[in-house]
Amino acid sequence: MERVVDIVNFKIVEGSSAEKFLEASEKMTNDFLKKQDGFICRQILQSGDDWVDIVFWKSQDVAMNAAQIMCGDPACGEFMAFLDESSVKAQQFKIKQEFK
């Protein structure tokens with residue numbers, strides 16, 4: 001199985017609290033992502049107004065399954081309400097090499 005990484009670049013809705021956004025992010029991680037078979041880890045990055053959400057998965061299939069059901073999850077909805085939809089750019093990459 002080839003592991004994959006979902007990378008989402010975005011801005012949060014103007015006037016939103018970064019602290020509240022990060023609380024919603026942690027809730028989504030604990031209440032949804034960690035319960036998904038194949039979830040490995042998640043990182044949230046920030047540079048100024050730009051944010052990046054990186055999620056590592058054991059395979060493309062488990063990543064796709066999680067994406068299909070996340071829209072109906074309350075914790076995911078709370079997190080997504082912070083995203084400026086016009087700024088969202090999502091990509092999925094297959095891990096070809098890893099060095100530690």
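Me: What does "contact" mean here, and which residues is Phe79 in contact with, leaving aside its neighbours within four places in sequence?

Reply: Contact means heavy atoms within 4.5 Å. In this predicted model, and leaving aside neighbours within four places in sequence, Phe79 is in contact with Phe10, Phe21, Ala24, Ser25, Met28, Arg42 and Asp53. Phe79 itself lies in helix α3.

Me: Why is Phe79 counted as buried?

Reply: Buried means under 20% relative accessible area. Phe79 has 4% relative accessibility, and therefore counts as buried. The C-alpha atoms of Phe79 and Glu23 are separated by 8.7 Å, although these residues are 56 residues apart along the chain.

Me: How do you know that the span of helix α1 agrees with what its residues should give?

Reply: Helix α1 comprises 14 residues, 18–31, and at 1.5 Å a residue these should span 20 Å. The C-alpha atoms at its ends are 20 Å apart, so the two values agree.

Me: Which residues of α1 are buried, and what puts them on the same side?

Reply: Phe21, Ala24, Ser25, Met28 and Thr29 are the buried residues of α1. They cover an arc of only 140° around the axis, and therefore lie on the same side of α1. An α-helix has 3.6 residues a turn, so residues three or four places apart point the same way. The face turned away from the buried side of α1 carries the exposed residues Glu19 and Glu26. Among the elements that cover the buried residues of α1 are β1 (4–10), β2 (39–47), β3 (50–57), α2 (60–70) and α3 (74–80).

Me: What caps the N-terminal end of α1?

Reply: Ser17 caps that end, with a side-chain oxygen 3.2 Å from the backbone nitrogen of Glu19.

Me: Why is Ser25 called buried?

Reply: Ser25, found in helix α1, has a relative accessible area of 5%. The cut-off for buried is under 20%, so Ser25 is buried. Leaving aside neighbours within four places in sequence, Ser25 is in contact with Arg42, Ile44 and Phe79.

Me: Is Arg42 buried or exposed, and what does its side chain reach?

Reply: Arg42 lies in strand β2. Its relative accessible area is 14%, and buried means under 20%, so Arg42 is buried. The side chain of Arg42 reaches the backbone oxygen of Ser25 at 2.8 Å. A polar contact of 2.6 Å also joins the side chains of Arg42 and Thr29. Leaving aside neighbours within four places in sequence, the residues in contact with Arg42 include Met28, Leu33, Asp53, Ile54, Val55 and Phe79.

Me: Why is Ile40 called partly exposed?

Reply: The place of Ile40 is in strand β2. Its relative accessible area is 35%; partly exposed lies between under 20% for buried and over 50% for exposed, and Ile40 is therefore partly exposed. Leaving aside neighbours within four places in sequence, Ile40 is in contact with Arg3, Phe56, Trp57 and Lys58.

Me: Which residues have the most contacts inside the largest nonpolar core?

Reply: The largest nonpolar core has 20 residues, and those with the most contacts inside it are Phe10, Phe21, Met28, Phe32, Leu33, Trp57 and Phe79. At least two residues of this core come from each of β1, α1, β3, α2 and α3. The largest share, 4 residues, is supplied by α2. In soluble globular proteins, nonpolar side chains tend to be buried together.

Me: What puts the buried residues of α2 on the same side?

Reply: The buried residues of α2 are Val62, Ala63, Ala66 and Met70. They cover an arc of only 100° around the axis, which puts them on the same side of α2. On the other side of α2, Asp61 and Gln68 are exposed. The buried residues of α2 pack against β1, α1, β3, α3 and β4 (89–94).

Me: How do you know how many disulfides there are?

Reply: A disulfide requires a pair of cysteine sulfur atoms within 2.5 Å, and the count comes to 0 disulfides. For Cys41, the nearest cysteine sulfur is that of Cys76, 17 Å away, and Cys41 is in no disulfide. Cys71 is in no disulfide either; the nearest cysteine sulfur, that of Cys76, is 8.0 Å away.

Me: What makes Cys71 exposed?

Reply: Exposed means over 50% relative accessible area. The value for Cys71 is 64%, so Cys71 is exposed. Cys41, at 30% relative accessibility, counts as partly exposed.

Definitions and conventions:
Residues numbered from 1 in each chain as written. Predicted model: local features only at pLDDT ≥ 70, side-chain atom pairs only at ≥ 80, totals over all residues. Heavy atoms only, no water. Expected span 1.5 Å × (residues − 1). Buried < 20%, exposed > 50% of the residue type's maximum accessible area, 1.4 Å probe, protein only. Arc of directions from axis to C-beta. Polar contact = N/O pair within 3.5 Å; in protein donor to acceptor, adjacent residues only side chain to side chain. Core = buried A, V, L, I, M, F, W, Y, C linked by side-chain atoms within 4.5 Å.
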